[in-house]
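Subject: A structure for you to look at

Hello,

Here is the structure I promised to pass on. Please open it beside this email and follow along.

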Amino acid sequence: MKLLIISWIFFLISAASVAKIVPAKIFSNNMVLQRNVAIPVWGTAKPGEQIIVQLVLAKVKTIAQPDGCWKIELPPIGAGGPYSLKITGDSELIEYTNVLIGDVWFASGQSNMEHPMNGWEYIPHSAVANSEQEIADSNYPEIRLFSVPKYPCPVELKDLQDGKWEVAAPQSVAGFSSTAWFFAKELYKRLKVPVGIIHSSWGGTSIQPWMSHQSLEPYKASVNIPVIPEHFGQNEWSEKVAESLEKNRVRRNQISYPIAGLPAGIGQPDFDDSNWKRISLPDSQSKFGNILWLRKKIDIPEDLQLVEFKLSLGFLNRQSQVFFNGTELGYFLYPQPVEVQVPQQLVRKGENILSIRLAQPWGEAQALGDKKQFFITNPDRSFFRDLSADWKANDQLESIIPLAESYQGNPSFLFNGMVAPVIPYAIKGFIWNQGESNAGEPRLYEKMFRQLIVDWRKLWNNNDLPFLFVQSSNIELSHEFDKEADSRCLLREAQQQALKLPKTGMVVSLDIGNPYDVHPQNKQEFGRRLALQALKIAYNQPITADGPEIESYQVKSDTIIIRTKATSGKLRAVNPSNLTGFELLRADGVVTTAKALLKNDHVLVLSFNNAFPVEVRYAWSNNPQCSLFNEAGLPMAPFRLLLK
C-alpha cells in the first residue's frame, strides 16, 4: 500500500514537471495587440512555475498560481511591428511572431454582423455586393482577423475552443464578417495603424445569450435564466455542440438547394406529376412542408415563340426559385414581388413547363398574394394567361433531416463560450449589430441593451470603451404593404436610448437596407458608417458621423417648426418642397400623413386640419420613406415628437 502511495505521488510530481505553458487561445502568430494601454497576457502552467513575458523592450515576470493560472500586464506600447511576443517558463519557450501593435475592435451581434463576404453556404446568392472585387482587394497585411468559434456553453469558460489570428488576404477575408472587414479597412486607410478585429457573432440570436449570467439577474422575471450546472463535462458538451451545428448546417443546405437533377427533370414535359396534388394559387390554406415544388403547363402560340414574356407569381414565402423549361429564371425572398422576364430563347411553341421550388426554413412553404398577381403576358399584353389555377404541388420530392436541438438561444450561453474567454484581451472598443430577434420586446430590450453595454465595459475593466452599433434597417415584413406595424419602430427607439450612455454611437441605416432581404448586401456602407462613428468617438476627430439631430421645435398656428443642431450640418432633402415620411397623431388615435417641407434649413410640418396633433412622427414604419439628410449624406434618425 505504501509503495502504491509513493508511486502515485511520484506520478503526480512527474506529471506536474512536464506540464506545459498554455497561453489563452486568443494569442497566436499574426495577432494585433492594443496600443497605448496595458496589455494583459494570461494562460496556464505548472503551479508555482515562473513565467516571463517579453515584448519589444518590456519584460514582465509572474508565478503560476496553485490552480495553474497566470496573468501579467505588459506596459503600454505605441503602434508598430512586426514584433515577437515571447513567453518563457522554467524549461519552455513559446514565441509568437509577426505581432503588430495597433487598435483592436470586438465585433458582435446577430446575422448582419456575421454576414460573410462570400455569403452563407446555406443561403443562395447571399454574398455581399461586388464580392469578388472586394475579396480580391484584401491585401492589407496590417489588418488582422480573428474569428471566435461558435460555441454556446452553460458555464462561463476561461478559454476559447480554438481560433487563430490571420493576416488579411482573399482566403481569410472571404468567410469573415463583411461589416467588420469594411469597418477595419476604412479605419486602416484613415489612420494608417494596424487594425485587429475579433469577430464573435451568431445569426438569429437575441440579446439574452450575449449577456452574462450576473447581468441578467435584474430581468429574471422576464427571462428564463438557466441554472448553472454543478458538474460540467467539457468533452461531452463539445460533442453535443458539434453534432448540433453539423446537423443544422446540413438541414439548412437541404432546404435551400434542390437535390441534383430535380429542376431539369421537373422542367420536362414528360415528367410524371399525375400523383401530385392539384391546387390553385394563392394558397394559404394547404399545409405543406419546408420544401414545396409547383408545376404548371403553359401553351404558347407558334407566332409568339420568339417573344420575351413577363411572369408574375405573387409572393412566394420564403425562398423561391423559378424555372422555365428547366432553366432557372430567378431567386426571390419573401416579401419581394415575384416578377421575372422569360428570355425568348427559352420559349417553345406549344407546351412550356413553369416550375417553382419554394423553401421555408422556419415553417410551411406558402404561395401568397392576390389571384390577379399570377399571370404571364407578352409586352403588348395581346397574349395574357391567368396562372392562378391548375397547379400541381408536391412537398415530398425532397427529404430533410429533422431539426437538431440547438443551444445558441439560451440566455448567457454565447457570453459564456464566445465572449468571456476573450476577456480581458485589450481592445479599443466594440461594434455591434443586433436587435431584430428582440423586436417583439422593445421595452425589455431597451433595458437589456444598456445593461449589456455597461456590463461588457465593466468586465473589460474600462468604462470608457466606445460602443458603436447599427440601428435596425428598413425592411418589409409582409406582402400586405398597406398594413402598418410599428415593431421595428419601437425597436429602433429602444436602440436609440443607448445613446444616453457615454461613448456610444449609432449608425442610422434606414436608407441602406433592402426592404425584401433582412441581410442587405451593401455592407460596405454599414462598415463605413461605423468607422465614421469610431473616428468621432474613439479617435476624437472633428468629423460628421451622424445625420441631422433635433435641437428644438416650435408651434406657430397650424405649423410645427423643427430645428436641428448646427453640428449636424445643413439639411438636405430628396424633395425640399415635399418631405416624405412625416405623420401626425391626433388625441383620438387617428394617424394622418403630414405635409412637410424644408425652408431656411428648418423643417415645417403643416396642415393640422383643425385638429391639433399630440405627436409628430418621422420615418415611423418598418420600411419608411427617408427624405432628410445632411451634407455628408447621412440620414436623420426616426423620431416621434410629443407636442405640448
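Predicted model: local features only at pLDDT ≥ 70, side-chain atom pairs only at ≥ 80, totals over all residues.

Residues are numbered from 1 along each chain as its sequence is written, and side-chain values use heavy atoms, with hydrogens and water left out.

Some terms next. Helices (H or I, at least four residues) and strands (E, at least two) are DSSP runs, numbered from the N terminus. Two strands pair if DSSP finds at least two bridges between them. Strands of a sheet pair through backbone hydrogen bonds, either parallel or antiparallel.

Now the sheet itself. Strand 27 and strand 28 (residues 559-564) run antiparallel, joined by six bridges. They belong to an open, antiparallel sheet of four strands, in the order 27-28-33-32. Its edge strands are strand 27 (550-556) and strand 32 (595-599), and each pairs on one side only. From one strand to the next, the twist averages 20°. Angles run from 0 to 180 degrees between N-to-C directions, and axes are lines fitted to C-alpha atoms, for helices over the stretch in contact.

Which order do the six strands take? The order is 12-23-13-19-16-17, in an open sheet with antiparallel pairing. Strand 12 (277-279) and strand 17 (327-333) stand at the edges with a single partner strand each, so one side of each has no neighbour in the sheet. Neighbouring strands here are turned by 25° against each other on average, direction ignored.

Inside this sheet, look at strand 13 (residues 291-300) and strand 19 (residues 350-359). They pair antiparallel over ten bridges. Arg 295 has Ser 355 in strand 19 as its bridge partner. Helix 7 (residues 234-256) lies across strand 13, strand 16 (319-324) and strand 19. Helix 7 runs at about 155° to strand 19. Contact means heavy atoms within 4.5 Å.

**Strand 34**

Is strand 34 (residues 613-618) mostly covered or uncovered? Mostly covered: five of its six residues are buried (under 20% relative accessible area; exposed is over 50%, partly exposed in between; 1.4 Å probe, protein chains only).

Strand 34 pairs antiparallel with strand 30 (residues 582-586) over five bridges. There, Phe 582 has Tyr 618 as its bridge partner. Strand 34 also pairs antiparallel with strand 36 (residues 639-642), over four bridges. Arg 617 is partnered by Arg 640 in strand 36.

Best wishes
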